[in-house]
Amino acid sequence: MATPGAPLVAPVPLVWRLVTVVEVVDETPHARTLALDVPDWPGHVAGQHLDVRLTAEDGYVAERSYSIASAPEDARVALTVERIDDGEVSPYLAGELVVGDQFEVRGPVGGHFTWRAQDGGPLLLVAGGSGLVPLMAMVRHRAARASGAATELLVSSREREAVLYRDELERLASAEDGLNVVYTLTRSRPAGWSGYARRVDAPMLAEVGPAASASPRVFVCGPTPFVEAVADALVSLGHAAENVHTERFGPTGG
Amino acid sequence: MEEERGAAARDATVLDGNAIAALLGEIFGGSEMTSATRGCGSCGQSHPIGEHRLYRGAGLVLRCPGCGDVALVVVERGGEAVREVQLLGRWQVAVG
Amino acid sequence: MPPFSRGFHRRPPREDVDPSRVPPGQYVVNDFPVLSAGPTPRPKLDEWSFSVQGAVDGAASWTWEELNALPQETFTVDIHCVTKWTKLGTTWTGVSVDTLMDGVATEAEYVSVWADGGYTTNVPLEDLRDGKAWVVHTFDGEPLEPAHGGPARLLVPHLYFWKSAKWVRGLTLTVEDEPGFWENAGYNNYGDPWREQRYWGD
């Protein structure tokens, strides 16, 4: 567990830890969540990620970074991995792995793309695809700490079936404690869909709010072109660059 | 600034400094560096390392998000316990 | 060695390749990975030029139209990236460096290759002559994509691919060898894939 009030600039844990998969949850046809037993877990801050290291029997090693999906308060550290079909690591993590399997992790790492309840709100969280994962850790942390910080979560997805954590988000939003979740579906929509149906743009961000004048802390995570477009739109709406935190992921071999 | 942002927007493979948080931790003796700021010797702006742009070529290149000037070049010597590191600009490293 | 992860394997290597075409430590890919030390420049072709300059008598420069009016060669070669991928049988069209050096007299033995975006790499002049290097603008019959170095890149297929500068704009001939971007950062000054010259000291 992270110690409340611990400095954000904590030392980076650089040791590799052998972790055991204790639960596997299929989130969508292309993504699953791995709950991990991590010995001597030092605790994390919502938004941080882990480096994952896989070693094949012949000694071949592959490393990737994955955002932590769980809140610091959760009993298990959880990663959500989207499968990139021609990738090398994600098809293993999101396909081959079963409960009881082991791999190595290092971290948690990253102190810039993080939010803690005591940082306060308002919050504007903008997710592209599986960029929702570190933002979900923030939403879960917010709920676990009953923070009540006014929070707008804008989720962009190709289709409804590809949205991670749909049921949980619906449940969290129904608590009406200041969390509002808005979806935009860019490729296909269910019949009768009344929500947004286009890529995130400045007018959408202005409607979802909060306005730049409220100086929200903004976190944007997704594929690089998504993050660049959203960051540009936010700046055009007057959000101060120092309030806009971005994290990009890209086709790094999956 | 706008030109640089536009250029980055066309490069689908560019990441940011957050992606090398652990590597930076190793280079800086365990310090959390993505929230540290770097003053650019070229454009004079300061930006968090986490907002710098990360390019992957033969090695890693971290660049100022304002002007594209090189901030860090890292070459990993595969299988060896040495890496080559070039740092440019003014890195503000937390102490204590 | 760290504990292994059950059921994890590297991508299976292609089995239909001639192993004598794959340098030590390399694996063969089917796709064309995009690696870059910086943002992709998009120069306007009517402002683009290619220069041969430096320690030469008769520096020369070509506009985009002039370069395309020079004799063109289409050829197929294997390329080897220091990050360990090899791509076999790539077909390019462009102008031989021999053609560009026609009429350029020099005592210099080294070349500093420079490109839009500030990238540089150094190559001995003799490694660019006698049909060993080209300035290419076409890949597989299509204009070279900006991500792969378009409008034009150098192609020196017998050396690691970082020597084949993307977005190339000129050759500066130098009397002294001047290490370029990656050579300064720790990669080998020469970069012969068959001798696995990846890093300093290899």
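In the predicted model, the side chain of His49(A) reaches the backbone oxygen of Asn18(B) at a distance of 3.3 Å. His49(A) belongs to strand 3 of chain A, which spans residues 49-55. The relative accessible area of His49(A) is 4%, and the residue therefore counts as buried, the limit being under 20%. Leaving aside residues up to four places away in sequence, His49(A) touches Asn18(B) and Ala21(B) in chain B, and within chain A it touches Ser65(A), Tyr66(A), Ser67(A), Ile68(A), Pro108(A), Val109(A) and Glu247(A).

Chain B contains an open sheet of five strands, arranged in the order 1-4-5-6-7 with antiparallel pairing. Strand 1 (15-16) and strand 7 (83-87) of chain B form the edges of this sheet, each pairing on one side only. Within the sheet, strand 4 (residues 53-56) and strand 5 (residues 60-63) of chain B are joined in the antiparallel sense over four bridges. Arg53(B) has Arg63(B), in strand 5 of chain B, as its bridge partner.

Chain B also meets chain C. The contact involves 19 residues of chain C and 21 residues of chain B. The size of an interface is often expressed as the accessible area that is lost when the parts come together. For chain C and chain B the buried area is about 1700 Å², with carbon and sulfur atoms giving 55% of it. Of the area that chain C buries against chain B, 29% is supplied by Pro39(C), Trp182(C) and Tyr199(C), more than by any other three residues.

One salt bridge is found between chain C and chain B. This salt bridge links Arg77(B) with Asp202(C), and their closest N and O atoms are 3.9 Å apart. The side of chain C that touches chain B comprises, by class, eleven nonpolar, six polar and two charged residues.

A further feature of chain C is a hairpin formed by strand 6 and strand 7, with four residues between the two strands. In the turn, Gly117(C) has a positive phi of about 95°. Strand 6 (residues 110-115) of chain C pairs with strand 7 of chain C in the antiparallel sense, over five bridges. Val111(C) stands opposite Val123(C), which lies in strand 7 of chain C. Strand 7 of chain C, residues 120-124, is mostly covered, as four of its five residues are buried.

Terms used: Residues are numbered from 1 along each chain as its sequence is written. Chains are lettered from A and ligands numbered from 1 in the order in which they are written. This is a predicted model: local features need pLDDT of at least 70, side-chain atom pairs count only at pLDDT 80 or more; totals for chains, interfaces and linings use all residues. Side-chain values use heavy atoms; hydrogens and water are left out. Contact means heavy atoms within 4.5 Å. Buried area is the accessible area (1.4 Å probe) that two parts lose on being put together, summed over both. A salt bridge is a side-chain nitrogen of Lys or Arg within 4 Å of a carboxyl oxygen of Asp or Glu. Ala, Val, Leu, Ile, Met, Phe, Trp, Tyr, Cys and Pro count as nonpolar, Asp, Glu, Lys and Arg as charged, and the others, Gly among them, as polar. Buried means under 20% relative accessible area, exposed over 50%, partly exposed in between (1.4 Å probe, protein chains only). Two strands pair if DSSP finds at least two bridges between them. A polar contact is a pair of N or O atoms within 3.5 Å; within protein, one must be able to donate a hydrogen and the other to accept it, and residues adjacent in sequence count only if both atoms are side-chain atoms.
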